[in-house]
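This report describes a single protein chain, moving from strand pairing to helix packing and then to selected residues. The sequence and coordinates are shown first.

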Amino acid sequence: MEFELTEKGYELFQQGKSVARIEWYVEDNVMQMTGTYTDEVLRGQGIAGKLLNKAVEYARAHDYKMKAICPYVVKKFEDSAFYNDVKI
């Protein structure tokens with residue numbers, strides 16, 4: 001599974017169609033995590049979590065922090081210490 005970095009975040013494409021994504025914009029070195037989406041047929045496979053982890057890798061590589069706005073990201077940040085170094 002290969003995620004593509006786009007201007008809005010990371011996306012998963014299948015047959016040229018975006019089927020999953022995590023979106024953000026950067027403001028003052030903080031990634032504002034605005035949304036996640038996974039196509040119905042792919043839900044339950046952990047794809048949103050993989051997208052979030054890919055975004056975390058990106059944040060760490062660029063010395064960014066992350067602000068959870070999207071409810072999915074808020075929940076993941078609350079549930080795991082794995083994100084403590086990037087979340088604000």
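## The antiparallel strands

In this predicted model, Leu-5 stands opposite Tyr-10 in strand S2. The pairing of S1 with S2 is antiparallel and comprises two bridges. Three residues lie between S1 and S2 in the hairpin that these strands form.

Tyr-10 also stands opposite Ile-22 in S3. The pairing of S2 with S3 is again antiparallel, in this case over six bridges. S2 and S3 form a hairpin with two residues between the strands, and in this hairpin Gln-15 takes a positive phi near 50 degrees.

## The sheet as a whole

The sheet is open and contains five strands in the order S1-S2-S3-S4-S5, with mixed pairing. At its edges stand S1 (4-5) and S5 (65-68); each has a single partner strand, so one side of each lacks a neighbour in the sheet. The parallel element of the pairing is found between S4 (residues 30-38) and S5, which are joined by four bridges. One residue pair in this part of the sheet is Gln-32 with its bridge partner Lys-67 in S5.

Helix H1 packs on the sheet and touches S1, S2 (9-14), S3, S4 and S5, and the direction of H1 makes about 35 degrees with that of S3. Helix H2 likewise packs on the sheet, where H2 touches S3, S4 and S5; the direction of H2 makes about 115 degrees with that of S5.

## Packing of the two helices

H1 spans residues 47-61 and H2 spans residues 71-79; the two pack at an angle of about 75 degrees, and their axes are 11 Å apart. Angles of 65 to 115 degrees count as roughly perpendicular, and H1 and H2 are therefore roughly perpendicular to each other.

On the H1 side, the residues that meet H2 are Ala-48, Gly-49 and Leu-52; their counterparts in H2 are Tyr-72, Val-73, Lys-76 and Phe-77. By class, this contact of H1 with H2 consists of five nonpolar residues, one polar and one charged.

## Buried residues between helix and sheet

Leu-51 belongs to helix H1. Its relative accessibility is 1%, so Leu-51 counts as buried. Setting aside residues up to four places away in sequence, Leu-51 touches Phe-3, Tyr-10, Glu-11, Ala-20, Arg-21 and Ile-22. Leu-51 and Tyr-37 are separated by 14 residues in sequence, and their C-alpha atoms are 9.8 Å apart in space.

Thr-38 lies in strand S4. With 11% relative accessibility, Thr-38 also counts as buried, because the limit for that class is under 20%. Residues up to four places away in sequence excluded, Thr-38 touches Val-19, Ala-20, Arg-43, Ile-47 and Ala-48. Ala-48 is also one of the H1 residues that meet H2.

Ser-18 is located in strand S3 (residues 17-27). Its relative accessibility of 19% places Ser-18 among residues that count as buried, since buried means under 20%.

Leaving aside neighbours within four places in sequence, Ser-18 is in contact with Glu-11, Leu-12 and Phe-13. Glu-11 and Arg-21 are also among the residues that Leu-51 touches.

## Positive phi in the loops

Which values of phi are positive in a residue other than glycine? One is that of Gln-15, near 50 degrees. Gln-15 is placed in the loop between S2 and S3. At 87% relative accessibility, Gln-15 counts as exposed.

Another such value is that of Asp-28, whose phi is near 55 degrees. Asp-28 is placed in the loop between S3 and S4. Asp-28 has a relative accessible area of 72% and is therefore exposed.

Terms used
Residues numbered from 1 in each chain as written. Predicted model: local features only at pLDDT ≥ 70, side-chain atom pairs only at ≥ 80, totals over all residues. Heavy atoms only, no water. Axes fitted to C-alpha atoms, helices over the stretch in contact; angles between N-to-C directions. Parallel < 35°, antiparallel > 145°, perpendicular 65-115°, else oblique. Contact = heavy atoms within 4.5 Å. Nonpolar A, V, L, I, M, F, W, Y, C, P; charged D, E, K, R; others polar. Buried < 20%, exposed > 50% of the residue type's maximum accessible area, 1.4 Å probe, protein only. Pairing = 2+ DSSP bridges.
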